[in-house]
Structures are given as structure tokens and as C-alpha cells.
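I opened the notebook to look up a few things in one model, and I write down here what I asked and what I found. The sequence and the structure come first, and my entries follow.

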Amino acid sequence: MTPYKLSREDWKDAAMILRDRHRSIMVYGLLKKLMEGKWEGFEIWVDNWPEFQSLVMKPSGEKQMDPYTGKFYFVDSQDVASMTSLLDDPQVITWNDDINLCVSDTVWPLVEQRARARGNIRWVADAPIYTVSRDTLVDIKLPDGFQEAPLGSDAISHVNENWTFKVPGIDQYTHLLVERGYPTVCFRDPTGALAAYAATQFHNLLGMLTVLPQFRGKKLGTAAMSLLARKTLVEDDVVGVLVEDNNAVSIHMHTKLGFKPVPCSKVHWSLYTSP
């Protein structure tokens, strides 16, 4: 079967199919932002159209928003057979480039095998998706003595220096999230000192949660994720977050806020490097 590249006219129909697949909330979120014009620079390939089982979202080459997101490939499928044609088509996966792979659990063994046969995988991590809706989100009050403020330059600098996924271009990416109007949360103490922050990512999952060491134990992380989810839910019925299986603290926090794990939603992300 020959892979099919979606035209912009096809995007709305694809979004309708993906909307109710909560395991696909990451690719649905990015597609929605592409349609809204909040993000740019991706194209979408499917195994068949209009009825598809496998999908790859990749940099289009037309416009790279920033060096960080310009290397992302989203591979979403629950069907190994239909994914094979996409992985083996040079129009879809450019194995000669260094890329960030975000892959759904069912087809990860196939993608990993293809990747290792062509180059190297430097690291692999995985986490299931947890989601919450407007009706089930628990709102948490900001602790006394702290105030919400815009995500300022000091917070952006802190992301650039301390984020787990710090890579070249992350500073440009963080600025773009703010400039493009993605929801963010920033808390400060009475002196104005940065205490905590979080931001909705370009694919519309919540993330970047950071509480500075001197302010931990004050429930600021819980309040930040509650507020960030509520802000994101202004435009979306459901929002999601990746929570690693071995992070008991994060699981407890998100469960307390009303998030629930989505069955069969685990995402593997890795850095592939060409030989």
C-alpha cells in the first residue's frame, strides 16, 4: 500500500477521526494547532485515506519553527502491518537525518528495529498518557503568599539551563510558546522571586513543570498543573500529560487532580542519530 500525504483540506477530516482517540491526543493536539495557525512546519502521512490506521507527522521542510521541534517525528498506530509501509518509504522517514522519535507503544518494537538497522538510538524513555476533562479537573488554590505572573525572561532562562530535555534551540522554542499564546503558568513569592512554572507544549500536552528547590513542599506543583490544565481546557475538551510509570509522586499528584491513565497510550521517545 502506498503512503498518502494529507493535503491541508484533509486535515479537518483527519482531526475528526483522531479527536476521540485519547491515545492519539498528542498528534491530535499538534494537528489542531497546525489548523489554528499556532504552530507550523509539519506534514502528515497515513497508510490509507480516508480510512487510516497508521500516521506519521514529520517536519515539512517548508518552515522550521525552531531547531528543537524541527526534528520531531510522531509515529502513531495500533497496527504493525499498516505502519510498515510508512517506515519503509523514504518520503516519510528520513533515516539520513538525526531525529527525535515519539512512537506509540504497539509499533515501537518495529520502529526501534528499523532505526537500529539504519543508525543509532542514543536514549529511550517511555510514559503513558494521563488525561482530564473540564468536568473532572480538580481546581487547586494557589498557596497563600504566592502570586501568578507572566512567564518572564528569568523563567525562560531557567528552562534553557535546567530542563531535562535541554538541547540546542530550546531557548528559541520556549520563547515561541509564549509568543504564540500557548498557556503558561508562573508563580512568584512576595519578593518577586521565581518559585514555579509550567507550560503547555507545542503538541498541546502539559509539561515543563518545575518547582525551584527552595519552594518545594508547598503544593506549588499541584497548583501549577491544575491552573495550566484549566487554562488549556478553555479551548479543548480534554488535555493530557505524560507521566512516567516510575514517578510515584507525579502519578499521585495528577491522579489527585482528576487525571486518569489512557489504556494502550504509552509513548516511547528517543533520539535517533544517522551513521
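Entry 1, one helix and its surroundings. I count two residues as in contact when heavy atoms lie within 4.5 Å. I take helices (H or I, at least four residues) and strands (E, at least two) as DSSP runs, numbered from the N terminus. Before going further I noted that this is a predicted model, in which local features need pLDDT of at least 70 and side-chain atom pairs count only at pLDDT 80 or more, while totals for chains, interfaces and linings use all residues. Residues are numbered from 1 along each chain as its sequence is written, and side-chain values use heavy atoms, with hydrogens and water left out.

For burial I used relative accessible area: buried means under 20%, exposed over 50%, and partly exposed in between, with a 1.4 Å probe and protein chains only. In helix 8, which spans residues 248–256, I found Ser250, Met253 and His254 to be buried. They share one side of helix 8, because they cover an arc of only 90° around the axis, the arc being that of the directions from the helix axis to the C-beta atoms. Ala248 and His252, on the other side of helix 8, are exposed. What do the buried residues of helix 8 pack against? I found strand 11, helix 7 (220–232) and strand 12 (238–242). After helix 8 comes Gly258, with a positive phi near 105°.

Entry 2, the sheet. Two strands pair if DSSP finds at least two bridges between them. I traced an open sheet of seven strands with mixed pairing, in the order 1-2-3-4-5-14-6. Its edge strands, each pairing on one side only, are strand 1 (4–5) and strand 6 (120–127).

Is strand 2 mostly covered or mostly open? I found it mostly covered, as five of its five residues are buried. In a regular strand the side chains alternate between the two faces of the sheet.

I describe a pair of rings by the distance of the centres and the angle of the planes. Rings of Phe, Tyr and Trp (its six-membered ring) pair if their centres lie within 6.5 Å, and planes under 30 degrees apart count as stacked, over 60 as edge-to-face and the rest as tilted. How many aromatic pairs does this rule give? The count is 15. One of them is the tilted pair of Phe42 and Phe74, 6.3 Å centre to centre with 55° between the planes. This pair links distant parts of the chain, since Phe42 is in strand 2 (residues 42–46) and Phe74 in strand 4 (residues 72–77), 32 residues apart. Phe42 counts as buried at 5% relative accessibility, and Phe74 is buried with a relative accessible area of 1%.

Phe74 forms another tilted pair, with Phe202, at 6.0 Å centre to centre and 55° between the planes. Here the two residues are 128 apart, Phe202 being in the loop between strand 10 (194–200) and strand 11 (206–211). Phe202 is buried too, at a relative accessible area of 1%. I also listed one aromatic cluster, formed by Trp39, Phe42, Tyr68, Phe72, Phe74, Tyr173, Tyr182 and Phe202.

With a disulfide taken as a pair of cysteine sulfur atoms within 2.5 Å, I counted zero disulfides. For Cys102 the nearest cysteine sulfur is that of Cys264, 18 Å away. Cys102 is buried, with a relative accessible area of 9%, and Cys186 is buried at 1%.
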